[in-house]
Amino acid sequence: MAKLIAKSFATTRSISTSTHLSQRLNQTENEIVNMFRLPNASDQTHSFPMSRNMPRKDPSVRTLDDRFTKILKIFKWGPDAEKALEVLKLRVDHRLVLAVLKIDVEAVVKVKFFKWASKRRNFQHNSTTYMALIRCLDEAGMVGEMWKTIQEMVRSVRVIDPAELSEIMRILGRAKMVDKAVSVFYQIKGHKCLPTAHSYNSLILMLMQEGHQEKVHELYNEMCNESNCSPDTVTYSALISAFGKLGRDDSAIRLFDEMKDNGLHPTAKIYTTLLAIFFKLGKVEKALSLVQEMKENGCPPTVYTYTELIKGLGKAGRVEDAYAIYKNMLKEGCKPDVVLMNNLINILGKEGRIETAIKLFDEMDILRCTPNVVTYNTIIKALFDSKAPAGVAASWFEKMKVNGVIPSSFTYSIMIDGFCKTNRVEKALLLLEEMDEKGFPPCPAAYCSLINSLGKAKRYEAANELFQELKENCGRASARVYAVMIKHLGKCGRLDEALDLFHEMKKLGCNPDIYTYNALMSGMVRAGMIDEAFTLLKTMGERGCVADINSQNIILNGLARAGGPTRALEMFSKMKHSKIQPDAVSYNTILGCLSRAGLLEEAAKLMKEMTSKGFQYDLITYSSILEAVGKVDEVHTTSLKGSGNMLSKIQWHGICPDRQPSNLSIRSKPER
């Protein structure tokens, strides 16, 4: 029946522009009363029951029945609705306003009513009615009108409750109006409200959520200076989390100790945050003792705690301990989630324990923990990294699709990179096409893998074609892709094109990184442009790009091959007295340089020094020392006497082969 009445009124309203029905606007008060007449007692019992939560004699109870709701829904808010309200003789007070704001009508209607009510004689909105409207506007997403209402409330209301202040902070936080929230907080705090710890916490949590961690400590200091509130567990939790994200680990640890000194009990979230900090600082034993402290204090570790614990142990190389933690967790009845399982599978995969990782994957079904795209990506990458047959990885790619898990852009990138590293470039190209067909945006990492593989195969034109395609689709390529192209252009002697790309990327605002500089320097060294490469090494430092050991070795190799060993030895000596210490490649480069110069004694001394530094001899080391007395191939064909003379020279300098020279494995002769 109610639906028929509503339909009747809706129909009447929709054609009210006709000449006959437009006369409705001039109806007398008696006619309006007849339209919305109050039913008799028996009718009221059946059609318009009064709320049991309201007193029967309260005159504002009538505002909650269907009659007034229909007026608002039909007439919205305007002259008609105002007239009807006057005819029904409903008194405008705070209860009426709150009741109207609860009615299921458009927020615009509520705003108009709210403003109309504010102009009524002997009526003034209070903080309760303002908050009711603010909530309505928040739910409706009318951010602009909501902000105006908050401003009006701050100006008009004399006293605002701390709980209302807290709610305003949360609402403005959801609306991403951080600066406005801070401004309102201090306006209200100064004149209308004494904030409680809860009020401060609301602002602190909002600032944390929006990434304004630096402001949190300032609020904490204010709280400590307030007479009516002190930091509580929520405050400390937010502060410790903020300091952890800012990298201020010592401050986070200090606050953790402070809260315990103040008699507060850390929550599982606080313990978990500290756990991550200790692992980051390399304090593994301290992290493990923290977990024990949790349990002793009756704070059982959560799945998030166990996730952080397993992650930390994995990064510390304690893979077996991480796996044992997982097993103990199950015994204690804590159910793992997909994030924990993904982390543990990743740790096992990086360690090369593929069988255990796959076993863990199979356990997920028993634990009712559904694998997601990250799970499959982790397994596939681990398979490729462990040199498993590409077909096995491909079968997992198909398996995920069969199980309803949609591959992501990163999945395709892993597959393409894996196929490229196993010399299946054509399959990788097909996957790139499949990515495009499925609507994925161009993936620079996938293009980088393909361009690198094509460059290694000396298919430079195909590599350049993909490079141009990436630039067309993305507007520009990443610094890493530029580095790969520059590297291969340098290798094939097209240094001019490599230099053009280097200047192009800078012009496009793509700052060269360490890989780009190293690639270009390597090309210059190949072209015999040693001085130019050395100048570029200095330039990169001036531009804030710190050289690494590869940068130094590229220049060292160029100097070693450009002429005599003097300049190379000079640079090598400087490296030994710098932050970037020589590595095995550095030693082998100088060893080769000395060998080519026929400086056998110096080479032998360098090999001893190499051993004392903990570097193992390899094929390059052995080849270099043999080059000083003859080619490696000549070792196999020379006479026994010649071979004996050569080997005796090496042995005289303290170096002796483990086996025959063809094994290319030598060790330092033990001291007698």
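Which side chains meet in a salt bridge at 3.0 Å, N to O, with D385 as one of the partners? The partner of D385 is K381. The two are 4 residues apart in helix α22, so they are separated by about one helical turn. D385 is partly exposed at 44% relative accessibility, and K381 is partly exposed too, at 39%.

Some ground rules before going on. This is a predicted model, in which local features need pLDDT of at least 70 and side-chain atom pairs count only at pLDDT 80 or more, while totals for chains, interfaces and linings use all residues. Residues are numbered from 1 along each chain as its sequence is written, and side-chain values use heavy atoms, with hydrogens and water left out.

**The chain as a whole**

The protein chain has 38 helices and 2 strands. Helices (H or I, at least four residues) and strands (E, at least two) are DSSP runs, numbered from the N terminus. Of the 672 residues, 46% are buried. Buried here means under 20% relative accessible area, exposed means over 50%, and partly exposed is in between (1.4 Å probe, protein chains only). The accessible surface comes to about 36100 Å², and carbon and sulfur atoms hold 51% of it; areas come from the Shrake-Rupley method with a 1.4 Å probe, and for residues only the protein chains shown count as cover. Among contacts with a separation of 6 or more, 59% are between residues 24 or more positions apart, a contact being heavy atoms within 4.5 Å.

**Salt bridges**

A salt bridge is a side-chain nitrogen of Lys or Arg within 4 Å of a carboxyl oxygen of Asp or Glu. By that rule the model has 26 salt bridges. Here are three of them:

| Pair | N to O distance |
|---|---|
| E167 and R135 | 2.7 Å |
| R174 and D138 | 2.7 Å |
| D385 and K381 | 3.0 Å |

Take the E167 and R135 pair, which meets at 2.7 Å. E167 lies in helix α10 (residues 162-174) and R135 in helix α8 (residues 127-140), so this bridge ties together parts that are 32 residues apart in sequence. E167 counts as buried because its relative accessibility is 17%, whereas R135 is partly exposed at 34%.

R174 and D138 also meet at 2.7 Å. R174 is in helix α10 and D138 in helix α8, so the pair links parts that are 36 residues apart in sequence. This time R174 is exposed, with a relative accessible area of 52%, and D138 is partly exposed at 22%.

There is also a network of salt bridges, linking E285, R318 and D321.

**Charge on the surface**

What about charged residues without a salt bridge? Patches are made of residues with over 30% relative accessible area and no salt bridge, with like charges joined within 9 Å and nonpolar side chains (Val, Leu, Ile, Met, Phe, Trp, Tyr) within 5 Å. Lys and Arg count as positive and Asp and Glu as negative, while His and the chain ends are not counted. The place of a charge is taken as NZ of Lys, CZ of Arg, CG of Asp or CD of Glu.

One negative patch is formed by E433, D436, E437, E465, E469 and E472. The elements giving two or more residues to this negative patch are α25 (425-437) and α27 (460-474). E433, for one, is in helix α25 and is partly exposed at 48% relative accessibility.

A positive patch gathers K456, K458, K491 and R526. K456 sits in helix α26 (residues 444-456) and is exposed at 59% relative accessibility. K458 is in the loop between α26 and α27 and is exposed at 61%.

K458 has a positive phi of about 60 degrees, although it is not a glycine. K387 is another non-glycine residue with a positive phi, of about 65 degrees. K387 is in the loop between α22 (373-385) and α23 (390-402), and is exposed with a relative accessible area of 73%.

**A buried phenylalanine**

F279 belongs to helix α16 (residues 268-280) and counts as buried because its relative accessibility is 13%. Leaving aside neighbours within four places in sequence, F279 is in contact with V284, A287, E308, L309, G312 and L313. The C-alpha atoms of F279 and K311 are separated by 8.9 Å, with the two residues 32 apart along the chain.
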